[in-house]
Amino acid sequence: MTQSIFVPNDTTAWSLGADEVAEAVTAMIAEHGMDAVVVRNGSRGLYWLEPLVEIESPLGRIGFGPIAPHQVADLFAGGAMPTAAHPLSIGLVEELPFLKAQRRLTFARAGVINPMSLTDYRAMEGGVALANALAMEPQQIVNAMKSAGVRGRGGAAFPAGIKWQTVLDAPAHPKYIVCNADEGDSGTFADRLLMEADPFQLIEGMAIAGLAVGAELGIIYLRSEYPRTEAVMTEALALARNAGMLGPDLLGSGRAFDIALRMGAGAYICGEETSLLESLEGKRGQVRPKPPLPALEGLFGKPTVVNNVLTLAAATTVLAKGAEYYATFGEERSRGTMPFQLGGNVAQGGLVELPFGVTLNQLVHDFGKGSRSGRPVKAIQVGGPLGAYLPAQHWDTPLAYEAFAAVGAMLGHGGVVVFDDTADMGEQAEFAMAFCAHESCGKCTPCRIGSVRGVEVIHRIRTGVDPEANLAVLHDLCEALELGSLCALGGLTPMPVRSVLNHFADEMRPSEKGMS
Amino acid sequence: MDDRSETQLQPDLEPNLVEAILREAGPSPTQDALLPILHAVQGQVGHISKETIRSIADAMNLSRAEVQGVVSFYDDFREAPSAKHVVQLCMAEACQAVGCRALAAHAKSQLGVDFGEATPDGAVEIKAVYCFGNCATGPTIRIGNRVHGRVSPERFDALVAPLRSGGRSA
């Protein structure tokens with residue numbers, strides 16, 4: 001039987017040479033007449049092992065990685081399949097502690113299946129959720145999302161079922177499903193990984209949302225920094241359409257739903273839902289005041305569900321396995337699993353899907369194995385550029401919405417960025433303001449001007465110019481940004497800044513070097 | 001592979017391309033078609049000139065100010081031609097944690113340019129961007145449409161050297 005050799009097609013694997021590895025394997029197959037074929041799977045998110053080549057064995061898939069293109073000839077020496085005894089073998093992939101200790105609901109298929117194969121997708125329960133949804137009344141679907149307790153995974157954590165209810169109840173037509181795939185937070189890549197590894201899940205989730213609220217058109221707003229994701233999603237949408245999973249007659253039900261893919265253009269602010277809608281309408285991505293809520297007056301002024309990729313993906317778990325099943329994971333009002341993304345200076349970076357409630361110590365030390373540099377970890381930024389930098393004293397806080405809010409931090413989209421002891425936290429605080437200044441849409445004054453002033457003031461503090469007075473100004477500025485901004489960009493930029501002031505105050509003072 | 005960084009055209013080709021893009025958008029495209037049209041022009045022409053802005057505004061029944069406003073808002077759209085190759089360096093936190101600031105300093109001193117500037121031979125321009133979603137294996141750069149991870153200063157030099165000697169970016 002023809003054997004499959006899996007070489008990930010994912011961005012990270014690609015950035016480390018996976019395409020060249022795949023070419024080299026294909027050449028080996030041809031050269032030696034091997035009865036094998038290269039399958040470009042997505043990644044499992046074991047990023048320190050990429051490019052991770054996998055082959056099938058009676059016990060499960062055996063992994064080899066990281067594999068450089070020049071190692072392929074040795075790996076398949078003489079045209080033979082390598083065994084677990086090969087020096088580059090990491091053994092059975094699913095037995096790796098990093099993977100085995102996870103609870104993968106949303107990412108169960110990631111890296112396992114060929115993302116372009118609906119057969120693979122269906123073989124692992126893909127499509128069950130949509131079939132179930134087609135047999136339900138819209139209100140039943142919305143009720144399932146409510147009782148599962150799914151909260152928006154984009155960062156704001158708004159209950160998805162309540163948003164869907166608002167759109168379902170809105171009298172105006174047409175209605176739209178907008179998928180926010182403008183994953184701009186540094187340290188986050190779960191949306192990208194899901195779209196590249198299991199694109200049909202997103203398509204299915206959007207179709208379910210359409211059935212729930214009565215929308216027939218969905219739009220994915222994807223960031224232009226993700227060229228490979230664009231290629232994968234484009235192909236997946238065409239395949240889904242050909243298979244009747246999208247189009248005028250969803251799986252023969254007589255219900256219609258289709259999806260368009262639209263590209264962003266390099267503006268972080270367009271991850272904010274109202275800016276995103278402006279951008280889809282062909283305008284500058286400037287924030288709209290709320291109300292009106294996008295659920296009532298969203299795209300083209302019509303009722304619109306705007307959900308993150310992972311929120312829509314979660315709908316497939318809820319509809320396939322039931323709301324009760326989903327709600328058994330997590331704690332308090334943080335239900336289900338969260339795909340945490342380990343990045344920055346970490347030895348074993350990648351995707352860790354676990355129920356809410358895991359701690360940073362577990363993530364960074366048990367899964368991540370500490371810093372990549374081998375130096376002590378000093379700070380962990382959680383939740384993207386608007387999230388807090390946390391010192392060791394907070395690394396046992398459970399990663400859940402409530403517990404993080406209680407320590408002046410947030411989960412955001414689940415990005416966890418590790419910094420070792422060489423990081424200059426004063427520089428990070430200054431960058432937080434600089435990033436806000438660079439990405440501000442300019443609509444509201446606190447964000448547009450406050451961020452620029454913030455950079456100046458922090459710079460003065462760091463260089464020893466009247467630090468006490470400037471610190472007072474900085475506190476005032478943070479308050480103005482937090483209370484006076486239209487959206488979360490200005491409103492949350494104070495979070496990383498204050499976390500540095502609170503936890504790393506020494507580093508806001510000028511260093512010996514800076515004084516000279 | 002599509003290489004958006006190498007898109008310098010003969011000037012007389014530009015109006016034809018813009019015309020073709022607008023024709024493809026249909027008889028009277030609505031404003032929501034503006035970003036896709038601008039992406040097409042940026043991708044095929046390499047920049048969006050004043051003349052192009054005028055053509056698009058006319059075709060879409062928008063004011064030139066509206067189109068200009070959109071072009072200037074988004075980082076992807078440029079009003080003047082870039083260097084032959086644009087090298088984007090991620091300068092966001094996850095890459096900062098693994099030395100992107102040092103990599104940027106190296107790139108600037110090696111090429112003798114700052115962000116947003118091209119080398120005097122017009123071969124290479126460097127640009128700061130924020131996040132390719134490659135956060136576990138930074139520092140990350142993008143050359144044309146190709147993303148590269150774990151880029152050390154040595155790897156940067158190896159990737160950029162061929163661009164300066166007239167080769168195509170991979």
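Which residues do ring pairs link into a cluster? The views below come from a predicted model, and the first one gives the answer.

**View 1. A ring cluster with members from chains A and B.** Here you're looking at Tyr268(A), Phe431(A), Phe435(A) and Tyr130(B), joined up by ring pairs. Counting over all chains, the model has 14 aromatic pairs.

**View 2. Tyr121(A) and Phe200(A) make a tilted aromatic pair.** Their ring centres are 5.6 Å apart, with 55° between the planes. This one ties together distant parts of chain A: Tyr121(A) belongs to helix 5 (residues 118-123), Phe200(A) to helix 10 (residues 199-213), and 79 residues separate the two. Tyr121(A) counts as buried because its relative accessibility is 1%, under the 20% cut-off. Phe200(A) comes out at 0%, so it's buried as well.

**View 3. Tyr74(B) and Phe77(B) meet edge-to-face.** The ring planes sit at 70°, which is over the 60 degrees needed, so the pair gets the edge-to-face label. Centre to centre, the rings of Tyr74(B) and Phe77(B) are 5.9 Å apart. Tyr74(B) is buried, with 1% relative accessibility, and Phe77(B) is buried too, at 6%.

**View 4. Arg223(A) places its charge over a tyrosine ring.** The ring belongs to Tyr226(A), and the charged end of Arg223(A) lies 5.4 Å from its centre.

**View 5. Arg228(A) does likewise with a tryptophan.** Look for the charged end of Arg228(A) over the ring of Trp14(A), 4.2 Å from the ring centre.

Notes
Residues are numbered from 1 along each chain as its sequence is written. Chains are lettered from A and ligands numbered from 1 in the order in which they are written. This is a predicted model: local features need pLDDT of at least 70, side-chain atom pairs count only at pLDDT 80 or more; totals for chains, interfaces and linings use all residues. Side-chain values use heavy atoms; hydrogens and water are left out. Rings of Phe, Tyr and Trp (its six-membered ring) pair if their centres lie within 6.5 Å; planes under 30 degrees apart count as stacked, over 60 as edge-to-face and the rest as tilted. Helices (H or I, at least four residues) and strands (E, at least two) are DSSP runs, numbered from the N terminus. Buried means under 20% relative accessible area, exposed over 50%, partly exposed in between (1.4 Å probe, protein chains only). A charge sits over a ring if NZ of Lys or CZ of Arg is within 6 Å of the ring centre and within 35 degrees of the ring normal.
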